[in-house]
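Subject: Structure for your review

Dear colleague,

Please find below the structure that I am handing over to you. My notes on what was found in it follow directly after.

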Amino acid sequence: MIIEDSYNEMIVKLSALYPKREAENILAYIFEDIFKQRKPYSLEKQFNQEQTTLLDIILTRLLLHEPWQYIVGEADFFGEKFLVNPSVLIPRPETEELVFNIFSDCKAANLKVLDIGTGSGCIAIMLSKKMKNATVHAVDICPMALDTAVENAERLNTAVKFWLCDILQARCRKSLPVFDVIVSNPPYINPKEKKQMADNVVKYEPHNALFTSNDDSLEFYREILNFANEGHLSESGKLYLELNQYLADETEILAQSMGFRNTKIIRDLQNAPRMLSVSKT
Ligand SMILES: C[S@@+](CC[C@H](N)C(=O)[O-])C[C@H]1O[C@@H](n2cnc3c(N)ncnc32)[C@H](O)[C@@H]1O
């Protein structure tokens with residue numbers, strides 16, 4: 001089939017599922033990444049049989065709501081390409097803002113940084129690239145996520161130290177040292193909300209990245225603040241949390257009730273309360 005015609009046919013089908021602009025972006029990425037075809041598409045060149053079959057498979061997967069990032073195996077984050085697969089959350093644009101805020105805020109050299117729940121490694125790897133001589137550690141409960149993060153760190157030439165660790169378990173927490181900066185984008189969705197969530201998220205993204213283990217949506221925030229209070233955040237250290245935007249005030253009050261100071265909620269580009277920074281002193 002002529003390339004331009006395939007594109008137009010796919011746009012019509014995908015526009016039933018996604019806003020037209022998003023459908024165009026998804027297809028442009030797939031045509032470029034998989035078929036090495038850039039706009040304007042050829043009116044003469046055709047996809048061969050093998051390419052047409054692959055295109056059909058991709059379209060079927062997209063129409064089943066599979067995120068296109070899992071189909072191409074990559075996602076953009078902070079101008080870099082990160083490998084992604086169903087064991088890791090697809091990095092979100094609001095997390096880029098979290099990373100930007102941290103390295104803009106933490107200018108000192110040689111800081112010791114910990115990323116809790118690293119997934120693809122996107123936060124840890126970008127902080128390692130952007131913060132001067134920082135030693136960056138990252139933990140996750142999921143071995144397959146850690147394998148992906150290790151591969152991303154190698155591809156992007158960064159020296160992050162990754163640890164398999166369940167941050168809810170005292171034994172793992174004790175084994176970690178003291179940090180100057182702790183950051184986390186933890187699971188923060190109450191499992192009760194599953195039914196209202198979009199198919200492309202709930203059917204495909206890892207549930208241990210999305211949902212808390214019980215009805216307490218603040219579970220991870222409380223445990224991470226506890227971890228910092230157990231002596232793992234240095235006296236002058238700072239803790240940054242990506243927020244569940246509907247629980248921003250509750251999370252800030254929780255941090256204050258646990259003795260943290262200088263609490264600050266930062267809004268993202270969509271004006272949603274997205275990040276909380278706190279310190280001990
Ligand atoms: C919301 S995802 C964040 C992934 C990545 N940091 C990002 O921002 O795209 C949360 C991550 O926490 C990890 N996780 C879930 N429970 C955990 C636990 N008890 N201890 C450590 N990591 C955990 C998940 O495997 C997942 O990778």
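**Backbone features**

Asn157 is placed in the loop between helix 7 and strand 5 (161-164); helices (H or I, at least four residues) and strands (E, at least two) are DSSP runs, numbered from the N terminus. The phi of Asn157 is near 60 degrees, a positive value in a residue other than glycine. Asn157 counts as exposed at 72% relative accessibility, where buried means under 20% relative accessible area, exposed over 50%, and partly exposed in between (1.4 Å probe, protein chains only).

This is a predicted model, in which local features need pLDDT of at least 70 and side-chain atom pairs count only at pLDDT 80 or more, while totals for chains, interfaces and linings use all residues. Residues are numbered from 1 along each chain as its sequence is written, and side-chain values use heavy atoms, with hydrogens and water left out.

A positive phi is also found at Asn262, about 50 degrees, although Asn262 is not a glycine. Asn262 belongs to strand 8 (residues 261-267), and with 54% relative accessibility Asn262 counts as exposed. Most residues other than glycine have a negative phi, and most peptide bonds are trans. Lys39 and Pro40 are joined by a cis peptide bond, with omega about -5 degrees. Pro40 lies in the loop between helix 2 and helix 3 (49-63).

**Domains**

The protein is divided into domain 1 (3-64) and domain 2 (86-279); these bounds come from an automatic or database domain assignment. The C-alpha centres of domain 1 and domain 2 are 35 Å apart.

**Cysteines**

How many disulfides does the structure hold? The structure holds one disulfide, the term being used for a pair of cysteine sulfur atoms within 2.5 Å. A disulfide is a covalent bond between the sulfur atoms of two cysteines. The partners are Cys165 and Cys172, with an S to S distance of 1.5 Å. Cys165 is buried, at a relative accessible area of 7%, and Cys172 is buried as well, at 12%.

Cys106 is in no disulfide, and the nearest cysteine sulfur, that of Cys122, is 17 Å away. Cys106 is buried, with a relative accessible area of 10%. Cys142 counts as buried at 12% relative accessibility.

Cys122 lies in helix 6 (residues 122-130) and is buried, with a relative accessible area of 7%. Leaving aside neighbours within four places in sequence, Cys122 is in contact with Phe77, Phe82 and Pro91, contact meaning heavy atoms within 4.5 Å. Cys122 and Leu55 are 67 residues apart along the chain, and their C-alpha atoms are separated by 29 Å.

**A buried asparagine**

Is Asn152 buried or exposed? Asn152 is buried, with a relative accessible area of 0%. Asn152 lies in helix 7 (residues 143-155). Apart from its neighbours within four places in sequence, Asn152 is in contact with Phe82, Leu83, Ser120 and Ile125.

The axes of helix 1 (residues 3-14) and helix 2 (residues 20-33) come within 9 Å and cross at roughly 140 degrees. Axes are lines fitted to C-alpha atoms, for helices over the stretch in contact, and angles run from 0 to 180 degrees between N-to-C directions. Helix 1 and helix 2 are therefore oblique to each other: angles under 35 degrees count as roughly parallel, over 145 as roughly antiparallel, 65 to 115 as roughly perpendicular and the rest as oblique. Their crossing is right-handed; a crossing is left-handed if the near helix is turned anticlockwise from the far one by less than a right angle, and right-handed if clockwise. On the helix 1 side, Ile3, Ser6, Tyr7, Met10, Ile11 and Leu14 meet Lys20, Ala23, Glu24, Leu27, Ala28 and Phe31 of helix 2.

Helix 5 (residues 93-105) and helix 6 have axes that come within 10 Å and cross at roughly 35 degrees. Helix 5 passes helix 6 in a right-handed crossing. Here Thr95, Leu98, Val99, Ile102 and Phe103 in helix 5 meet Ile123, Met126, Leu127 and Lys130 in helix 6.

Yours sincerely
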